[in-house]
Amino acid sequence: MKLPISLTVNGERVEALVEPRLHLADFLREHLRLTATHLGCEHGVCGACTVLVDGAPARACILLAVAADGADIRTLEGLADDPRMAVIKESFHQKHGLQCGFCTPGMLITTLDLLARKPAPDAAEIRAGISGNLCRCTGYQGIVRSIQHAAAALEQAEEA
Amino acid sequence: MNAAAAADPNTGQGVGAPVLRNEDRRFLDGKGEYLADIQLPGLLEVAFLRSPLAHARIRGIAIPEAHRGRVFLASDIAFAQPISAVGAAPGFKASDYPALAVEKVRFVGEMIAICLAPTRAEAEDIAQSIQVDFEELPPLWDMDVALAPDAPRVHEHWADNVVVETRIAVGDLAAAERDAAITVHRTLAMGRHAGVSLEGRGVIAHHDRRMDELVVYSSTQFPHVIRTILARALGLAESKLRVVAPDVGGGFGIKNNFNPEELAVAALALKLGKPLRWVEDRREHLVASPHAREHRYDLTAYADARGRLLGLKARVRVDAGAYSVWPWTAAMEAGMSAGIMTGPYDIPVYDGTAVTVCTNKSPLGPYRGVGRTGAAFAIETLIDAVARAAGREPADVRIENMVAPDAMPYRSVTGKLYDSGDYPECARRAVAAIDLAAVRARQGRGEPDGRLIGFGMASYTEQSAHGTAEWVARGLPVVFGYEPALARFTPDGKLILHVGIQNHGQGLETTLAQVAHQELGIPVADVVVRHGDSSLSPYGMGTFASRSMTMAGGAVSLACARMAEKIRRIGAHLLQAPREAVRLAGGQVWFGEQFVSFAQIADAAYLHPERLPEGEDPALEESAVYQPGRSTGAFSYATHACTLAVDPGTGLIEILDYVVCHDCGTMVNPLLVEAQVVGGVAQGLGTALFEEIPYDENGQPLASTFLDYMIPGACEVPDVRVLHMETPSPHTRFGIKGMGEGGAISPPAAVVNALNDALRRRGVELACTPVTPLRVREALAAAPRAKTEVVA
Amino acid sequence: MKPAPFAFHRPASLADALACLATGEARPLAGGQSLVPMLNLRLTPVDALVELRGVPELAGATETPDGAVYGALLTHAAFEDGQVPDVTRGLMRHVAGGIAYRAVRNRGTIGGALALADPAADWLTTVVALDAEIGIAGAAGTRWVRAEDFVLGPYFTVLEPTELLTAVRVRRLPQTTRWGVCKVAVKVGEYAETLVVALIDPARGESRVVLGALDGAPLLLPATAAAAGAGTAKAALEQTVAVELAGSDRDFTPADLLLHATAVTRAIAEARS
């Protein structure tokens with residue numbers, strides 16, 4: 001039996017009737033057509049589906065849409081105007097932090113949260129911070145450099 | 001050079017420049033379009049019913065009445081021809097790989113039925129409701145079980161489970177054996193694993209009413225080739241089939257096969273006239289996508305007292321799984337491993353046998369490094385063993401055995417023609433960068449935390465961009481000899497390159513633009529690269545075998561060079577200058593201080609032919625097809641050197657330092673080259689340390705989710721230091737050599753060598769991958785304690 | 001890989017939640033970080049889920065003079081970030097920060113982890129080491145069970161299908177108690193291969209060493225704890241550990257023994273340092 005849910009997605013109120021078994025990632029992708037949220041494993045390991053739930057990163061593939069009732073969800077699409085995310089994206093471009101791009105949305109959202117909690121992480125803290133986001137292309141080196149670059153750029157922007 | 005040209009902001013974008021990628025923007029905005037992102041009206045989702053058993057006869061399939069019309073079996077798509085990849089080697093045993101199992105299932109994960117529903121969840125409900133009556137057969141769950149004389153056969157009409165056995169024997173092995181002061185024998189094993197692109201495979205098929213064609217989207221590395229084989233398998237005219245590879249979330253070889261899923265979905269969409277979509281999930285990927293590696297080696301090296309190799313005897317056995325993948329055939333892994341075994345070493349005598357074994361497992365297919373990762377693991381661990389027997393530093397023994405630079409071009413004992421390079425210098429640079437003397441001193445001091453330090457290195461040669469001669473020699477159904485490019489200006493002066501390769505992370509939308517810049521002086525940002533669609537680009541072979549930069553780069557260069565000539569002619573005419581006196585820069589044609597823009601030239605070429613020189617054809621479009629000067633391949637090479645620490649209490653390994661010195665000829669974009677090397681190393685470390693799908697005695701795969709199959713995360717991959725050498729290939733445009741796979745070739749050998757170096761004093765030597773903490777602990781626990789103390 | 005269908009209840013009170021569970025056919029859903037993957041894989045068939053998010057009795061933490069009561073719905077991140085009272089001298093905060101990955105810690109709960117009783121999960125071994133009590137609500141009210149009596153085996157506890165784990169009651173660690181943790185995982189964020197929590201208090205003569213991530217329930221090592229508390233030197237302590245592990249009722253391979261003995265020794269060394 002379908003259940004009604006009401007939540008905020010990227011700042012907009014969304015009401016829907018969903019099967020309890022539908023996970024949030026499929027709700028975003030198939031119902032709202034927000035396809036930046038990728039599915040790489042559907043058991044909560046790879047991190048490609050990471051979104052912000054009430055401001056904190058969560059795996060959209062192991063969060064049921066009915067359990068996100070009332071929540072404030074933000075996907076990469078909803079961060080298009082976020083000035084901090086703009087800096088992070090530019091850093092990933094400058095430091096070659098992506099290849100095929102599939103892990104990238106989850107990696108960007110994890111980075112946004114990591115740098116909010118730890119504005120000046122060292123390389124080991126960055127690696128630990130993104131250890132829940134798998135990338136098969138880059139070997140992570142470009143990603144670590146991108147995050148270091150972003151941290152410095154954000155610090156500079158805040159001082160200015 | 002005039003002031004305007006010197007100030008051109010677009011210089012520094014050509015071959016050799018570290019240009020940032022054109023394709024980044026859409027991915028950073030989450031606007032990449034991968035297969036699962038594509039929606040079509042009326043789309044039905046596919047879930048496959050897959051075999052839960054390794055080996056069984058199908059006695060019957062019961063479909064609940066409620067689901068009739070939504071479940072389709074082999075008989076429903078009987079018009080689809082099975083996949084057949086037959087090698088040319090004498091004695092190769094052919095088998096048919098049907099889209100859906102017909103009478104028998106031969107591995108866990110083999111497809112039995114297609115289930116359709118509006119959502120994937122409902123399609124899975126249907127699959128779960130189907131009852132299959134199986135008659136279980138004894139599973140051939142290991143290659144040695146399959147090789148037993150009385151073993152049941154995977155394919156009944158075969159005499160045994162050997163797909164094919166081939167042998168290369170050159171020189172007098174008996175003499176080498178007789179003359180050897182050192183004889184070293186080793187047996188090695190590499191685990192079976194999966195390719196694990198972060199995006200799984202996937203297929204969408206629908207009928208385009210207006211074009212009256214079947215459109216198949218596939219997350220594939222070679223859409224044009226898929227169109228050819230799919231048309232044949234479906235009995236369609238190729239002109240009535242369009243294959244599109246959208247953004248592809250990693251390939252690494254596993255998306256470089258003609259898969260039964262592609263055949264099944266396309267066939268059923270054709271039959272039903274409805275749009276269908278299958279998106280591979282992670283469990284399907286791990287269980288049923290083409291697998292990687294699983295080699296076993298019996299090796300004997302004969303050497304003189306200093307460790308100079310006199311001869312090598314090798315027997316390679318590869319577990320190829322149940323079927324032969326198209327177009328590579330089941331024999332590819334074993335054949336390539338035995339064929340490149342001597343690597344960068346000058347070994348005069350070789351007797352190599354390659355045995356491909358058929359078992360009840362998912363078929364083995366190409367994966368980054370194909371064959372060579374195993375070959376390097378074999379020869380490189382063997383050389384360390386020889387060095388230990390000679391009582392010498394492995395680095396020294398290794399370098400002494402290498403092909404000398406003055407021997408280039410060099411024909412190896414297995415008949416490979418190495419085109420250029422300085423292998424010993426490459427190895428010396430890697431060893432110097434890691435500071436071997438300091439590592440040895442550190443080992444002597446011991447670690448305060450009780451960990452053991454080890455040094456290991458491994459070298460390889462990577463045949464890349466091989467063309468007609470090589471593929472004909474391998475006897476494949478398709479000869480991947482060339483690449484095309486169509487360069488087409490738009491009337492507003494921007495350039496679109498249509499190419500037959502497929503970009504899935506390599507940065508080809510940028511590097512091919514750099515080649516265009518090199519020939520035309522057009523800003524990279526003004527170049528669009530179109531690929532991955534059989535209706536948009538000329539017929540090409542796709543992206544695999546470290547070939548796209550060399551092959552498509554050569555084609556773009558040829559087409560753009562012709563285009564440059566035409567632009568010069570038109571530009572000179574418009575500037576009223578002699579043709580020899582004009583040059584191209586910054587998207588303009590210059591004569592002294594005067595210029596015309598490409599936009600003005602394109603405008604003339606397309607919209608104002610009256611402005612063109614007399615006899616000049618309108619339009620700005622050139623196409624070219626490129627083949628390298630020699631089609632035997634351009635050989636990249638590298639030495640990897642690493643230091644690691646192993647914890648004898650837990651078996652955990654930490655890579656402390658990792659250096660790659662490599663030579664891929666001329667680098668088009670060193671930024672992207674370095675990233676490809678590092679990414680390859682990360683995958684190689686996965687092979688070395690983590691990744692494995694063991695099978696139990698029932699033929700059940702024991703790693704089917706990311707909960708039990710581990711790939712390296714950010715904490716498990718070290719910062720890799722990459723040193724570049726650039727020896728241009730004499731055979732290719734710009735001297736480019738391919739390099740996409742190389743990073744993944746050496747890590748298993750380098751890591752296992754380093755581990756054994758660290759554990760030497762404990763009297764322990766490991767000879768397998770992955771070297772998991774458990775395997776290290778088992779070896780340590782089994783080592784006689786007394787020996788531990790005695791061996792210094 | 002999508003779940004089979006199930007019903008979904010959203011109770012607003014503990015009584016409602018228990019009523020939903022009364023048939024014994026429904027399963028409680030807390031953070032879902034372990035349960036939903038199993039549902040996605042269709043490895044755990046369920047008829048109905050009872051979402052606990054709206055049950056106020058399971059939320060929050062209360063500090064008391066002799067310790068704290070932690071509500072089942074507290075996330076690992078709440079412990080990691082120090083949002084709850086610390087009565088364990090930083091031990092629980094340390095353990096929380098090592099569970100899986102941040103995105104999982106943001107959703108996963110201490111109650112959910114304990115109720116699942118995955119032997120390799122961090123909280124189970126920790127609460128046994130802390131000699132904590134587990135609050136269990138059922139039709140007859142709430143009972144408190146010692147952590148070491150709560151867990152019976154892998155994924156197997158004294159919880160009945162009709163009951164709910166409501167809270168964890170942890171006694172305040174004395175100033176004299178020092179702790180050490182040794183967790184060994186193949187990868188950062190993975191489940192533990194071995195996990196040892198050691199609480200050493202020579203002054204009070206109360207030490208406790210617990211070995212987890214085994215095939216069964218966490219294993220208390222009283223002889224080792226006594227030796228560690230008595231200040232036994234390293235070599236002799238290693239001997240004690242080896243003897244106690246070998247003499248336990250668990251079936252350890254030589255490779256297991258090496259690993260677990262290492263972890264026990266290191267956790268004790270950390271506690272003593």
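Modeller: A residue counts as buried when its relative accessible area is under 20%, and with that cut-off in hand we can turn to this model, which is a predicted one.

Biologist: What share of chain A counts as buried by that cut-off?

Modeller: Of the 160 residues of chain A, 67% count as buried, and chain B, with 792 residues, also has 67% in that class. For chain C the share is 57% of 273 residues.

Biologist: What makes B:Thr511 a buried or an exposed residue?

Modeller: Its relative accessibility is 5%, and since the cut-off is under 20%, B:Thr511 is to be called buried. The residue belongs to helix α15 of chain B, which runs over residues 508-520. Once neighbours within four places in sequence are set aside, B:Thr511 touches B:Met549, B:Val668, B:Asn669 and B:Leu672.

Biologist: And why is B:Arg547 placed in its class, buried or exposed?

Modeller: The relative accessible area of B:Arg547 is 2%, which is under the 20% cut-off, and therefore this arginine counts as buried. B:Arg547 sits in the loop of chain B between β23 (527-530) and α16 (548-575).

Biologist: Which residues does B:Arg547 contact, leaving aside its neighbours within four places in sequence?

Modeller: A contact requires heavy atoms within 4.5 Å, and the residues that meet this condition are B:Ala465, B:Phe480, B:Tyr482, B:Glu483, B:Ile501, B:Met541, B:Gly542 and B:Ala552.

Biologist: How do you know whether chain B is as compact as a globular protein of its length?

Modeller: Chain B is built from 21 helices and 31 strands. Its radius of gyration is 28 Å, and the globule rule gives 28 Å for 792 residues, so the chain is as compact as a globular protein of that length. Along the principal axes, the C-alpha atoms of chain B fill a box of roughly 90 × 75 × 50 Å. Among the contacts of chain B with a separation of 6 or more, 80% are between residues 24 or more positions apart.

Biologist: What does the radius of gyration of chain A show when it is set against a compact globule?

Modeller: A compact globule of 160 residues would have a radius of gyration near 15 Å, and because chain A has 16 Å, the two agree. The C-alpha atoms of this chain fill roughly 50 × 35 × 20 Å along the principal axes, and its five helices and five strands follow the order β-β-α-β-β-β-α-α-α-α along the sequence. Of the contacts in chain A between residues at least 6 apart in sequence, 54% join residues at least 24 apart.

Biologist: How does the radius of gyration of chain C stand against the globule rule?

Modeller: Chain C comprises 11 helices and 14 strands. The rule gives 19 Å for 273 residues and the chain has 19 Å, so chain C, too, is as compact as a globular protein of that length. Its C-alpha atoms fill a box of roughly 55 × 45 × 35 Å along the principal axes.

Biologist: How many residues meet between chain B and chain A, and what area is buried there?

Modeller: In chain B, 53 residues are in contact with 40 residues of chain A, where contact again requires heavy atoms within 4.5 Å. The two chains bury about 4,000 Å² between them, with 55% of it on carbon and sulfur atoms. On the side of chain B, the residues B:Leu28, B:Leu198 and B:Ala714 supply 18% of the area buried against chain A, more than any other three residues.

Biologist: What can be said of the charges on each chain?

Modeller: With Lys and Arg taken as positive and Asp and Glu as negative, chain B has 75 positive and 93 negative side chains, the centres of the two sets being 2 Å apart. Chain A has 15 positive and 19 negative side chains, with centres 7 Å apart, and chain C has 24 positive and 29 negative, with centres 6 Å apart.

Technical notes: Residues are numbered from 1 along each chain as its sequence is written. Chains are lettered from A and ligands numbered from 1 in the order in which they are written. This is a predicted model: local features need pLDDT of at least 70, side-chain atom pairs count only at pLDDT 80 or more; totals for chains, interfaces and linings use all residues. Side-chain values use heavy atoms; hydrogens and water are left out. Helices (H or I, at least four residues) and strands (E, at least two) are DSSP runs, numbered from the N terminus. The radius of gyration is taken over C-alpha atoms; the globule rule is 2.2 Å times the number of residues to the power 0.38. Buried means under 20% relative accessible area, exposed over 50%, partly exposed in between (1.4 Å probe, protein chains only). The place of a charge is taken as NZ of Lys, CZ of Arg, CG of Asp or CD of Glu. Buried area is the accessible area (1.4 Å probe) that two parts lose on being put together, summed over both.
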